[in-house]
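Subject: Structure for you to look at

Hi,

Here is the structure I promised. Please open it and keep it on screen while you read my notes.

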Amino acid sequence: MGEQAVTGAGATPAPEQMPDAGGDDAAAATGSGGGTGTTAATAGMTADGHPAAPAAVPGAGMSADARPDASPRELTADLVAGPGGVMTDEAGVVTGELTLKTRYADGQVSLSVQYKDADEWYAVTGGKAALADPAGLDAVHAVAVALLNRPEG
């Protein structure tokens, strides 16, 4: 970068004196030599100081879970309980190979486990909470699996 001449208090340097914010990549993204004759997406940024035209982005501002209703949804994962197992409301501590179910319904998320391939499910003690956005179910499930799956102890 070189020195820039400032002609007065608060003066903006001429475009040829402005530092290149994007280097050669910015020029390549706008076409040949930084011109404005192309329609490349600029993510709202420009190198010449002129605002970019808004670009239509399908799905922008939409929830990752595009379900229009709050109908029940559930995720499952097989895991091996760590030392001390998993405390349940109905059966106490369960250990060994388990299946975890994370379920969303009526603004609530709940966790339950079963012995792998068994029929009966047990509610995980303390495994129920309000969840305002059903799109958060994937994150809750991932955290629960990470906390409960301890195959090496």
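Which residue forms a salt bridge with Glu 74? The partner is Arg 103, and the closest N and O atoms are 3.5 Å apart. Glu 74 sits in strand 1 and Arg 103 in strand 4, so the pair ties together parts that are 29 residues apart in sequence. Both ends are partly exposed: Glu 74 has a relative accessible area of 43%, and Arg 103 has 32%.

One caution before going on: this is a predicted model.

Now the overall layout. The chain has two helices and six strands. Along the sequence they follow the pattern α-β-β-β-β-β-β-α. Of the 153 residues, 20% count as buried.

Back to the salt bridges. The whole structure has three. Arg 73 pairs with Asp 138, with the closest N and O atoms 3.0 Å apart. Arg 73 lies in strand 1 (residues 73–80) and Asp 138 in helix 2 (residues 137–148), so this bridge ties together parts that are 65 residues apart in sequence. Asp 138 is partly exposed, at 42% relative accessibility.

Asp 78 pairs with Lys 116, and here the closest N and O atoms are 3.0 Å apart. Asp 78 is in strand 1, while Lys 116 is in the loop between strand 5 and strand 6, 38 residues apart. Asp 78 is partly exposed at 48%, and Lys 116 is partly exposed at 36%.

Next, look at Thr 102. Is it buried or exposed? Thr 102 is buried, because its relative accessibility is 0% and buried means under 20%. Thr 102 belongs to strand 4 (residues 97–105). Its side chain makes a polar contact of 2.6 Å with the side chain of His 141.

Then two loop residues. Asp 106 is not a glycine, yet its phi is positive, at about 50°. Asp 106 is in the loop between strand 4 and strand 5 (108–115). At 74% relative accessibility, Asp 106 counts as exposed. Asp 117 also is not a glycine and has a positive phi, near 70°. Asp 117 is in the loop between strand 5 and strand 6 (122–130). Its relative accessible area is 70%, so Asp 117 is exposed.

Last, the surface charge. Asp 89, Glu 90, Asp 119 and Glu 120 gather in a patch of negative charge. Among them, Glu 90 is in the loop between strand 2 (86–88) and strand 3 (92–94).

Best wishes

Key. Residues are numbered from 1 along each chain as its sequence is written. This is a predicted model: local features need pLDDT of at least 70, side-chain atom pairs count only at pLDDT 80 or more; totals for chains, interfaces and linings use all residues. Side-chain values use heavy atoms; hydrogens and water are left out. Patches are made of residues with over 30% relative accessible area and no salt bridge: like charges are joined within 9 Å, nonpolar side chains (Val, Leu, Ile, Met, Phe, Trp, Tyr) within 5 Å. Accessible areas come from the Shrake-Rupley method with a 1.4 Å probe; for residues, only the protein chains shown count as cover. A salt bridge is a side-chain nitrogen of Lys or Arg within 4 Å of a carboxyl oxygen of Asp or Glu. Lys and Arg count as positive and Asp and Glu as negative; His and the chain ends are not counted. The place of a charge is taken as NZ of Lys, CZ of Arg, CG of Asp or CD of Glu. Helices (H or I, at least four residues) and strands (E, at least two) are DSSP runs, numbered from the N terminus. Buried means under 20% relative accessible area, exposed over 50%, partly exposed in between (1.4 Å probe, protein chains only). A polar contact is a pair of N or O atoms within 3.5 Å; within protein, one must be able to donate a hydrogen and the other to accept it, and residues adjacent in sequence count only if both atoms are side-chain atoms.
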